[in-house]
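This briefing is meant to be read with the sequence and the 3D view side by side. Please take the topics one at a time and look up each residue as it is named.

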Amino acid sequence: MPNLRFIGGIAWMAVTIAGCGVANPPSAQAPMPSEPTLINYVDPSAVQGLNTRTLFSGETGNLHVHAVYPAVADAPRLTEKLHGTVSEELDRFTRSGSPADTLPKPEFNVDWQLAAASPEVLGVRLRIGHSMESGWSEARTTVWYDRTKGRVLDSADLLAGRPALVTLAGIVRSELALRGPLVTPNALRPDREMFDSLGFNPRGDLVVEFDDKQVGLEVAGRVAVAVPSATAAPLLSEVGLRAQRAAVQAKKVPVPMSREEIKAASTDKPPARSSKAGSVDCARLRCVALTYDDGPGPETSRLLDILRAHGARATFFSIGSNASARPDLLRRMRDEGHLVANHGWSHRDLTMLPSIKISDQLIRTQHTIAQTIGQAPTLMRPPYGDGGIQVAAIAGRLNMALVRWNVDSEDRQDADPRAIADRTVARAEPGAIVLLHDSHSATVDAAPEILRRLSAAGYIFVTVPELYGLGEMVPGRIYESGGVSTALDR
C-alpha cells in the first residue's frame, strides 16, 4: 500500500462535486482527506462580482465546442489571462482539423473550479478536455491572482524560485517511481510548464497534478501527487503561503457527496413548473416556446428584463457549472414565471460518455438547480441536441423528458441581431420550440425584435410544457415541437 502522504489518482465524482474547505489552518492534527489529491474547491456563488463568460458553445464546422471561463469584476487581469489561455487552446484544437465527415465529432470542452478565493488571492483551475481519433484527453492548469498587488501568477510562481522548483520535482519524481508501470517518472522535468497546476487539499498539502499522458500512459488518466504541508511550506513563496491559507480557510459548502444523496436531495423537491402555467390555452391560441441554452451568464439579466417588459416567458436550459455561479439568476427566472431546466453540468456530448458520467452530468445539475429554486427540473436538453437510447433512459429515471427543437435561430455563429431575428420570425409556427442562447449578446440584442414581430403576428410566448396543455410530458420521451414527441425503445 503506498504511503498516504503522497497518494495519487482521484475519485471523479468527489472531485467534481467537492466545493468545501475547512476553517482550521494546516496542522498535523487536521483530518487526513480520504483522497489527498482532492483539491479544495470554493463555492463560486460566494465570490462577489463573479460571472461566467462563454468564448464559444456549439458546433463549428465538424467540431463540438464548449469553452467557458470565470470572470471576476475586481480582477480584470485574471479574466484577461483566462480568456487568453482558453483562446490559445481552442485555436490549437481547431487548427488540428478533422475530416468533414468524421464521426463521432471531435469535442473540445473547458470546465473550471475555484481553487481558492480570499481578499488576498484567487485561484482558478481550468480543465481543458478534447477528443480526437486517439480518444479523450485532459490538460489541467491553475492560474493564480494576487489581489494585493494586482498580479496574475502561474502556478510555478507559488514556489520560492528555481531551487524550490528543482526540489519539488525531485520529491514528486521519487513518489512517481513508486507508482508502477503506468507512470513515467523520468519524463518529469523541473520546468515551469510541467508544474502549471498547483493547488491545495483541505489539509493544506500541496497538490501537484499533471496533464493526461504527461508523466504517465494514456490508461493512467489523471496523475497527481500530494506533498504534505510541512514538506511543502519551505518551498512556497510568500504568495504561495497566502494561497495555501486561502485554500484551507475557504468557507465550507455543505454539499452531499454520494450520487445517491445528491439524487435524493433533488427528488424531494416538487417538479419545476412555471408560476403562470395554465393561464394560456395553446389549443386555441398561437403559442411558441422560446428556449435559451448555455446560461446563466452576463447577458441573462438583460434578457430577463426584456422578457419581463414584453410579458413573455421562456424555458432556460441551464448549464450546472454556470448555475452554481449565478443562483440569483435562477431564482429570478423562477419568480418571473419562466421555467428552469437541465442542460448538463459542463456541456459534454453525452452520447460519448459512459452511463455513470451521463448520470453525474445530469444529477449534479439537477441537484444545483433544485437546491437553488426549490424545484426539480422535469426537462433536459442534451448538449448539441444529441441524445439516444442511453441518454433518454437515464433522463427518464431522473423524471425528465428530453427537449430538442424544430426552429433553429442559428444564433451561435452570427453577430447580427437583425439576421437572428429574421430567421427566428420567418421559421416560427404555432407549437414551435425555438433554439436560442442567452450566452450570446447578439441573441439578447435580437430579443426585442423577435418578441415585437411575433407578438404582432398573434403569438403568445409560453414555457415548453404549456405547449402540451393538460397532457403531461413523459419522462424519457423526446419532444421536438408542440405536436411531436418520440419514445425510444429501451
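Leaving aside its neighbours within four places in sequence, P327 is in contact with S45 and T372. P327 belongs to helix α9, which covers residues 327-335, and with a relative accessibility of 14% P327 counts as buried. The C-alpha atoms of P327 and Q371 are 9.5 Å apart in space, although 44 residues separate the two in sequence. The model in view is a predicted one, and the points below go from the whole protein to single features.

**The protein as a whole**

- The protein contains 13 helices and 19 strands, and 57% of its 490 residues are buried.
- Of the contacts between residues at least 6 apart in sequence, 72% join residues that are at least 24 apart.
- The accessible surface amounts to about 19500 Å², and carbon and sulfur atoms account for 52% of that area.

**Confidence in the prediction**

- The mean pLDDT of the protein is 89, and 88% of the residues reach 70 or more.
- Over residues 1-32, however, the pLDDT is below 50, and in the model this stretch has 80 contacts beyond near neighbours in sequence.

- In helix α11, which runs over residues 389-397, the buried residues are V391, A392, A393, I394, A395 and G396.
- The elements that cover these buried residues include helix α10 (355-373) together with the strands β13 (379-380) and β14 (401-403).
- Just after α11 comes N399, whose phi is positive at about 65°.

**The disulfide**

- The structure holds one disulfide, which joins C282 to C287 with a distance of 2.2 Å from S to S.
- The link of C282 and C287 is left-handed, with an angle of -90° about the S-S bond.
- Buried means under 20% relative accessible area, so C282 counts as buried at 17%, and C287 is likewise buried at 1%.

**Salt bridges**

- A search of the whole structure finds 38 salt bridges, and a few of them are described here.
- R92 forms a salt bridge with E89, in which the closest N and O atoms are 3.0 Å apart; both residues lie in helix α2 (residues 76-96), three residues apart, which is about one turn of the helix.
- R92 is partly exposed at 46% relative accessibility, and E89 is also partly exposed, with a relative accessible area of 26%.
- The side chains of E138 and R127 meet in a salt bridge at 3.4 Å, N to O; because E138 lies in strand β5 (residues 135-146) and R127 in strand β4 (residues 121-132), the pair ties together parts that are 11 residues apart in sequence.
- E138 is buried, with a relative accessible area of 15%, and R127 is buried as well, with 10%.
- R192 and D157 meet through their side chains in a salt bridge of 2.9 Å, N to O; R192 is in the loop between α3 (161-176) and β7 (198-200), while D157 is in the loop between β6 (151-153) and α3, so the pair ties together parts that are 35 residues apart in sequence.
- R192 has a relative accessible area of 37% and is partly exposed, and D157, at 25%, counts as partly exposed too.

**Backbone details in the loops**

- Most residues other than glycine have a negative phi, and most peptide bonds are trans.
- K213, in the loop between β8 and β9, has a positive phi of about 70° although it is not a glycine, and its relative accessible area of 38% makes K213 partly exposed.
- E410 also has a positive phi, near 50°; E410 is placed in the loop between β15 (407-408) and α12 (417-427) and counts as partly exposed at 40% relative accessibility.
- The peptide bond from G295 to P296 is cis, with omega near -5°, and P296 lies in the loop between β10 (286-293) and α7 (300-309).

**A nonpolar patch on the surface**

- L182, L217 and V219 form a nonpolar patch on the surface, and together they have about 280 Å² of accessible area.
- V219 is found in the loop between β8 (206-210) and β9 (223-227), and at 66% relative accessibility V219 counts as exposed.

Definitions and conventions:
Residues are numbered from 1 along each chain as its sequence is written. Side-chain values use heavy atoms; hydrogens and water are left out. Helices (H or I, at least four residues) and strands (E, at least two) are DSSP runs, numbered from the N terminus. Buried means under 20% relative accessible area, exposed over 50%, partly exposed in between (1.4 Å probe, protein chains only). Contact means heavy atoms within 4.5 Å. Accessible areas come from the Shrake-Rupley method with a 1.4 Å probe; for residues, only the protein chains shown count as cover. Patches are made of residues with over 30% relative accessible area and no salt bridge: like charges are joined within 9 Å, nonpolar side chains (Val, Leu, Ile, Met, Phe, Trp, Tyr) within 5 Å. A salt bridge is a side-chain nitrogen of Lys or Arg within 4 Å of a carboxyl oxygen of Asp or Glu. pLDDT is the predictor's confidence in each residue, from 0 to 100. A disulfide is a pair of cysteine sulfur atoms within 2.5 Å.
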